[in-house]
Amino acid sequence: MVCYNCGKNLDVDDKFCYECGTKNIVTEEELAIDKEISNKSKKEKKPLKNPKKTATVALILSAASLFLPVAVGLVLSIIALVSAARVKKETDDEGVLKTRKLAKILGIIGLVYSCLATAAVALAILAWLVSVGLTVLGSVLVVVASFVFPEIGDGIFDALESLIGSLADILESLGFYL
């Protein structure tokens with residue numbers, strides 16, 4: 001719709017024209033026309049050209065999601081599930097529907113597997129961060145102890161030197177030389 005005063009394009013919801021300030025008066029006819037235009041402008045989903053091909057692709061993607069790295073498997077599972085969901089609405093072919101069902105099952109398994117693998121990776125990273133933090137904390141405590149209690153600090157350093165020597169002996173016995 002347009003402003004009656006200046007001709008600027010307005011939305012039905014606009015109370016005033018942002019160009020000239022004139023109050024926007026909406027008639028029932030303009031409201032009906034605007035509703036019809038907005039309904040036409042909404043994008044409608046196009047029907048699938050080949051539901052059998054889409055179901056097969058969904059099956060392949062969902063199967064691949066079981067064997068690919070975590071993030072890729074997660075994305076493939078989601079794509080496969082969306083594709084499989086679209087196939088049911090487009091066909092009544094029994095073979096295509098069986099392929100869709102298998103794709104859906106594998107997609108769900110891939111999704112769960114990817115989520116669990118992601119959680120495992122996150123826990124491994126968390127464990128590594130905790131171990132690094134404890135190592136740094138232990139090192140700081142050793143340094144502080146050596147300054148506060150020099151006699152204890154020397155004992156700690158002697159124990160560490162002995163431990164490192166023992167580890168070196170073990171590695172040498174296995175064929176690794178430092």
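In which helix of the chain is confidence lowest, and in which is it highest? This is a predicted model, and its confidence is lowest in helix α1 (residues 28-41), at a mean of 65, and highest in α4, at a mean of 81. Across the chain the mean pLDDT is 75, with 79% of the residues reaching 70 or more. Where pLDDT is low, the predicted coordinates should not be read in detail.

**Overall make-up**

- The secondary structure of the chain comes to 5 helices and 0 strands, and from the N terminus on the elements run in the order α-α-α-α-α.
- The chain has 178 residues, of which 20% count as buried.

**The packing of α2 against α4**

- Two packed helices are described by the angle between their axes and the distance between the axes.
- For helix α2 (residues 51-64) and helix α4 (residues 94-148), the angle is about 25° and the axes are 8 Å apart, which makes α2 roughly parallel to α4, since angles under 35 degrees count as such.
- The crossing that α2 and α4 form is left-handed.
- On the α2 side, the residues that meet α4 are Pro-51, Lys-52, Ala-55, Thr-56, Ala-58, Leu-59, Ser-62 and Ala-63, while α4 contributes Val-96, Thr-99, Arg-100, Leu-102, Ala-103, Leu-106 and Gly-107 to this contact.
- Sorted by kind, the residues of the contact of α2 with α4 divide into 9 nonpolar, 4 polar and 2 charged.

**Ser-114, a residue of α4**

- Ser-114 has its place in helix α4, and there it counts as buried, because its relative accessibility of 1% falls under the 20% cut-off.
- When residues up to four places away in sequence are not counted, Ser-114 touches Ser-65, Val-70, Gly-73 and Leu-74.

**Val-75, a residue of α3**

- Val-75 lies in helix α3, which covers residues 70-90.
- Val-75 and Leu-61 are 14 residues apart along the chain, and their C-alpha atoms are separated by 9.4 Å.

Conventions: Residues numbered from 1 in each chain as written. Predicted model: local features only at pLDDT ≥ 70, side-chain atom pairs only at ≥ 80, totals over all residues. Heavy atoms only, no water. Axes fitted to C-alpha atoms, helices over the stretch in contact; angles between N-to-C directions. Helix = DSSP H or I, 4+ residues; strand = E, 2+ residues; numbered from the N terminus. Parallel < 35°, antiparallel > 145°, perpendicular 65-115°, else oblique. Left-handed = near helix turned anticlockwise from the far one by under 90°. Contact = heavy atoms within 4.5 Å. Nonpolar A, V, L, I, M, F, W, Y, C, P; charged D, E, K, R; others polar. pLDDT = per-residue confidence, 0-100. Buried < 20%, exposed > 50% of the residue type's maximum accessible area, 1.4 Å probe, protein only.
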